[in-house]
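Dear colleague,

Here is the structure I said I would pass on. My notes on it follow below.

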There are 2 protein chains.
Amino acid sequence: MLEILSINHKSEKLESIINRTNLPTVEITKSVEKILLNVKENGDEAVRRYSLIYDEVKLKSFEVSEDEFNEALEQTDENLVNALIEAKKNIETYHEKQLQDGYKINEKNSYVQQIINPIERVGVYIPGGKAAYPSTVLMNVIPAKIAGVNEIVIVTPPNKEGKIKPSILVAAKLAGVTKVLKIGGAQAIGALAYGTETIEKVDKIVGPGNIYVALAKKSVSGIVGIDMVAGPTEVVILADETANPRFIAADLMAQAEHDEMASSIVITNTEEFAQKIQQEIPNLLEEQPRKEIIKSSFENYGAIIVVKTIEEGIELVNKLAPEHLELMIKNPESIVHKVKNAGAIFLGDYTPEPVGDYFAGTNHTLPTSGTARFTSPLNVNDFSKKTSVVYYNKVALSEARKHIELIAEEEGLYGHGKAISIRFEEDSK
Amino acid sequence: MLEILSINHKSEKLESIINRTNLPTVEITKSVEKILLNVKENGDEAVRRYSLIYDEVKLKSFEVSEDEFNEALEQTDENLVNALIEAKKNIETYHEKQLQDGYKINEKNSYVQQIINPIERVGVYIPGGKAAYPSTVLMNVIPAKIAGVNEIVIVTPPNKEGKIKPSILVAAKLAGVTKVLKIGGAQAIGALAYGTETIEKVDKIVGPGNIYVALAKKSVSGIVGIDMVAGPTEVVILADETANPRFIAADLMAQAEHDEMASSIVITNTEEFAQKIQQEIPNLLEEQPRKEIIKSSFENYGAIIVVKTIEEGIELVNKLAPEHLELMIKNPESIVHKVKNAGAIFLGDYTPEPVGDYFAGTNHTLPTSGTARFTSPLNVNDFSKKTSVVYYNKVALSEARKHIELIAEEEGLYGHGKAISIRFEEDSK
């Protein structure tokens, strides 16, 4: 079911993998716009109404109480709490290095400066139900916290009893969020973007979500900042015959279990090794609870691609610009510098991708669908913004003025030149 | 014509300034989508056809030749060339400080690393006609060059003789672009995003443009990266009675002359000083060649707002999050740290905004329409992207595995846990 393809003959399947998108139907787009408009106009009342329709829950208050946080901690296995604490430490260590300083360049009569300020208020969307992952909380909140964001609000849909999964609340508390609101869907995005009577609007919204959430984020983008509109997840494993084919098969399944749209690809340099990987699959698949999802993902968006050389494989990797790249080849470190486009790279036999999903400290919010060509993993800089500062005294301006006036003249902007010359009018009298 | 408003009574005008947008008509959106689709499907032929329709020009080759570059240099005033060279030096000095290094955090049996790579190919849109500004070339190309972008392609519409304004070509050569293509409009954006027979597709598109260009950029965003969809330009001048009201009036006009949608606002703490500014306007306006544009901009989106204290003024500034902020108050440096949201800040009586537009070295591509709350000036980091690297050896993975497996279990992702445990199967046999 995981097809072997040769790089040599043009493959429609490969093209379809490269170009796959989850395009929304017009109906969903319309429905999302309606929800957003309604929340913008009717605030809390609209949010309550959509919560009743979509989450089948009637809430007195959106905000998770201190009692609920405490209850969640009691309900959570201590070892899991410890695991989240250890993960948090690693995420902090990795992301703290991303903090940037401003700078100032002094001249005798002038200076230019770059100031960096945290974004003031950030909203984080955390999905509910089966996709309610505490790791998502840590990965989205910790970089914001390190950037110095003042207020971090999680929105997440509750179950029909109005409860949030305990490990989500534990992770939220550990990461240091300001508050958690029990709202989800496009209505939660609308509430964060426009504000309501009880929910203060934010400056930026991050975090994953279903197609409604993704479209709502796209729609409010510009009114608030957003992180990225993520496509389905994907892994490319570049492997030679020194790798363990069984490990590779397991790693492909770890990717494919997410979603039928997920893409799992191996690139290898011999037909023989390709077959070894293929042979490991049926057996290993049997024990996977999500085997139907995996099968369907493999059939539609999975492949083992045989290339002539590892060099040729790297070229293909750079063309695919994968979200996750595992390098399971001899001396993987020696070729890292040749990889130009990838979200995250995992080296060697003992760094399967879940190490990065949960624990190593790198962010698991990564660019998908080839956008690693121009987008970075979520990082601290996504939660701050820069401001330029310019100071010229009269001497500096008098030295610069002839240049500025010439350019203004060339651009036909008289007023720009006048704003300079007016400052020297008195002198020439 | 520049109305004085008090912060105390609710002002519809102020609200309309804060919320102003230039919403496109449905017709333009449809027309842009049609052009993009056509370019995607028919490549060069479609680009040629639209060049004939919109630019009224029939081109043998899109690319500007070496002869044309030389001719442009001959046609350009030497002093202007020098001004552009000086501006270039300052822009380089300011932006070089933005170059970031990657980092690596070593543990005994593992490491995590952040690598930074330049984006490979970048397209820069430069408007034609009256808005063909050589400064735009420098501001968009130099940061890309510093980031290490391999190929930088300018697209810009020619005149009916198929020529580009000489100073644009001079600036392009100075800044070090790879090539200049004589195409414009939505068709140029389509060609850069999808590629044609003769135009290689790029990874990111930056640069300003009219509503067609802006909508086309928005539409291809995701297929390629884009900088920002800029709204109309704006200045806020926070001034007290120590400032020169005549300078303020001139600076307001330098902003307003851009566009009837441009917004020019003064915030000051006495009614008396507000009137002084107002009195300077009629006289100064008379000599402005673009006075009709300025008038209309002032009437619709201009105001002098009287606040009780400068502190209150700063609060309003942070709410407006202006693209440009001039601080013309006593000791302007002492309040810079209180400004949280602004694209660029200009300090004191002798730093009018055109200093930043052309010369100081800071970028003039700045966040508009309040997006300074979450967006930065165009900078070197916009032309590079990060990749995370993770390496664990078997010892490191065996130490981390219990934590990773617990989180995977909590998230119901069996395959994620299996990708870890499979690596220790042999050991437990």
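Is Asn381(A) buried or exposed? With a relative accessibility of 16%, Asn381(A) counts as buried (buried means under 20% relative accessible area, exposed over 50%, partly exposed in between, with a 1.4 Å probe and protein chains only).

Two remarks on conventions. This is a predicted model, in which local features need pLDDT of at least 70 and side-chain atom pairs count only at pLDDT 80 or more, while totals for chains, interfaces and linings use all residues. Residues are numbered from 1 along each chain as its sequence is written, chains are lettered from A and ligands numbered from 1 in the order in which they are written, and side-chain values use heavy atoms, with hydrogens and water left out.

Loops of chain A

Asn381(A) sits in the loop between α13 and β14 (384-392) of chain A; helices (H or I, at least four residues) and strands (E, at least two) are DSSP runs, numbered from the N terminus. Leaving aside residues up to four places away in sequence, Asn381(A) touches Gln98(A), Gln100(A), Gln100(B) and Lys386(B), where contact means heavy atoms within 4.5 Å.

Asp77(A) belongs to the loop between α3 (66-75) and α4 (78-96) of chain A. Its relative accessibility is 41%, so Asp77(A) counts as partly exposed.

Helix packing

In chain A, helix α9 (residues 245-256) packs against helix α10 (residues 271-286) at about 60°, and the axes are 8 Å apart. Axes are lines fitted to C-alpha atoms, for helices over the stretch in contact, and angles run from 0 to 180 degrees between N-to-C directions. The two helices are therefore oblique to each other (under 35 degrees is roughly parallel, over 145 roughly antiparallel, 65 to 115 roughly perpendicular, and the rest oblique). Residues of α9(A) in the contact include Ile248(A), Leu252(A) and Met253(A), and those of α10(A) include Phe273(A), Ile277(A) and Ile281(A). By class, this contact has eleven nonpolar, no polar and three charged residues; Ala, Val, Leu, Ile, Met, Phe, Trp, Tyr, Cys and Pro count as nonpolar, Asp, Glu, Lys and Arg as charged, and the others, Gly among them, as polar.

Helix α15 (residues 414-421) of chain B is mostly covered, with six of its eight residues buried. Among the buried residues are His416(B), Lys418(B) and Ile420(B). The buried residues of α15(B) pack against α9, α10 and α13 (354-358) of chain A, together with α14 (394-410) of chain B.

Strands of chain B

Five of the five residues of strand β11 (residues 302-306) of chain B are buried, so this strand is largely enclosed by the rest of the structure. Gly302(B), Ile304(B) and Val306(B) point one way, and Ala303(B) and Ile305(B) the other way. β11(B) pairs in the parallel sense with β1 (residues 4-6) of chain B over three bridges, and with β10 (residues 263-268) of chain B in the parallel sense over five bridges; two strands pair if DSSP finds at least two bridges between them. Ile304(B) is the bridge partner of Ile4(B), and Ala303(B) stands opposite Ile265(B).

An open sheet of five strands in chain B has the order β6-β5-β4-β7-β8, with parallel pairing. β6 (179-181) and β8 (225-226) of chain B stand at the edges, each with a single partner strand, so one side of each is left without a neighbour in the sheet.

Regards
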